[in-house]
Amino acid sequence: MKKTLIASAIAAATFSGSALAQTTASASELAARMDSMPTVYGNIQYVLYHDNFDGGPSSVEHADNGSTLGVKHEHEIAPGITGFFKLELEGVNADDKDAENDNAGLNELDEAYVGVKGDSFGQVWVGSDDSTYERAVTEISEYYELAILNQGVDYTTGEGDLIQYMSPSFGGLSLWAAVQVNGDNDTKGGSDKSYPYQLAAVYEMDALELAAAVDSNDTSDGNNENTYGLRASFDADALRVTGEFHTRKDASDTFGVIGYYTIGANQFALSYELT
């Protein structure tokens with residue numbers, strides 16, 4: 001009688017253990033599947049700005065500062081090699097519910113690219129993305145999406161049709177490159193083919209970042225002079241300070257400095273630009 005009870009108890013324990021193992025395996029499989037799913041993200045960037053000119057107009061306005069919705073994903077396709085992609089849309093007009101006549105909604109492509117990366121060779125990607133020059137030396141312009149707050153930097157290579165490369169770090173130094181492959185249209189005896197390029201070197205050492213970049217400006221704006229840019233940034237806990245200089249012969253010289261101070265989820269910024 002006791003033997004029967006013991007056998008039953010062992011059988012029950014074995015069954016329970018199997019069921020638990022099956023449940024655990026299912027949870028692990030579910031977690032693995034969740035890890036392999038693309039990440040959907042978004043943000044609402046809402047600003048209230050004051051625009052004032054000495055002796056001229058003054059205004060206070062609400063505006064959208066670049067709200068976006070996107071999806072991104074990466075997956076190991078071979079040992080040490082990871083594939084990735086990103087698609088990001090903008091054009092929300094967060095400040096204006098009744099902006100249907102202005103084509104409000106997610107109707108503008110901001111970023112769309114695919115690529116591969118690995119520790120041994122860096123990463124290469126193709127599509128529409130912030131360009132090499134932007135990422136390396138135009139921190140101030142990239143911080144302010146609202147155009148009225150800054151005039152930007154004078155370079156002409158766009159963000160589409162790009163093939164970009166970023167090397168691994170060699171003792172803090174990484175080398176970046178991009179080429180834009182523009183279409184070839186010679187149906188009228190001319191050709192729109194061009195391959196403007198950008199090169200950059202970025203050095204990071206502790207709290208200091210130094211960067212230099214060039215844009216070839218090989219477009220049809222009538223001025224093929226290169227744009228050269230320099231950036232220096234320093235981080236000290238909650239404070240970050242960046243200075244930039246950009247120059248293009250017979251076109252413009254731009255100097256700018258910006259400081260950020262972060263308190264929790266809040267960030268305060270003050271900048272000055274001279275063109």
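1. Of the 275 residues of the chain, 31% count as buried, where buried means under 20% relative accessible area, exposed over 50%, and partly exposed in between (1.4 Å probe, protein chains only). The structure is a predicted model, in which local features need pLDDT of at least 70 and side-chain atom pairs count only at pLDDT 80 or more, while totals for chains, interfaces and linings use all residues. Residues are numbered from 1 along each chain as its sequence is written, and side-chain values use heavy atoms, with hydrogens and water left out.

2. The accessible surface of the chain comes to about 17100 Å², and carbon and sulfur atoms account for 58% of that area. Accessible areas come from the Shrake-Rupley method with a 1.4 Å probe; for residues, only the protein chains shown count as cover.

3. The secondary structure comprises 3 helices and 15 strands. Helices (H or I, at least four residues) and strands (E, at least two) are DSSP runs, numbered from the N terminus. Among contacts (heavy atoms within 4.5 Å) between residues at least 6 apart in sequence, 44% join residues at least 24 apart.

4. Strand β10 (residues 197–205) pairs with two strands, β9 and β11; pairing requires that DSSP find at least two bridges between the strands. With β9 (residues 173–180) β10 runs antiparallel through 7 bridges, and W176 stands opposite A200 in β10. With β11 (residues 208–215) β10 is again antiparallel, here through 8 bridges, and Q198 stands opposite D215 in β11. β10 and β11 form a hairpin with 2 residues between them; D206, in the turn, has a positive phi of about 55°.

5. V153 touches Y133, T138, S141 and H246, not counting residues up to four places away in sequence. In soluble globular proteins, nonpolar side chains tend to be buried together.

6. A nonpolar surface patch of about 1000 Å² is made by L230, L239, V241, F245, F255, V257, Y261, I263, F268, Y272 and L274. Patches are made of residues with over 30% relative accessible area and no salt bridge: like charges are joined within 9 Å, nonpolar side chains (Val, Leu, Ile, Met, Phe, Trp, Tyr) within 5 Å. The elements giving two or more residues to the patch are β13 (239–248), β14 (252–263) and β15 (266–274); β14 provides the largest share, 4 residues. L230 lies in strand β12 (residues 227–236) and is partly exposed, at a relative accessible area of 49%.

7. A search of the whole structure finds 9 salt bridges, a salt bridge being a side-chain nitrogen of Lys or Arg within 4 Å of a carboxyl oxygen of Asp or Glu. One of them joins the side chains of E88 and K86 (3.8 Å, N to O), and both of these residues are buried.

8. The side chains of R231 and E139 also meet in a salt bridge (3.8 Å, N to O). This pair links distant parts of the chain, with R231 in strand β12 and E139 in helix α3, 92 residues apart. R231 is buried at 7% relative accessible area, as is E139 at 17%. R240 forms a salt bridge with D235, the closest N and O atoms being 2.8 Å apart. R240 counts as buried at 17%, whereas D235 is partly exposed at 29%. Salt bridges that share partners join E139, E209, R231, D235 and R240 into one network.

9. D161, in the loop between α3 (139–143) and β8 (162–166), has a positive phi near 55° and is exposed, at 52% relative accessible area. D237, in the loop between β12 and β13, has a positive phi of about 55° although it is not a glycine, and counts as exposed at 84%. Most residues other than glycine have a negative phi.

10. G83 is found in strand β5 (residues 81–90) and counts as buried at 15% relative accessibility. G83 and V116 are 33 residues apart in sequence and 4.3 Å apart in space, C-alpha to C-alpha. Not counting residues up to four places away in sequence, G83 touches H73, E74, H75, I77, G115 and V116.
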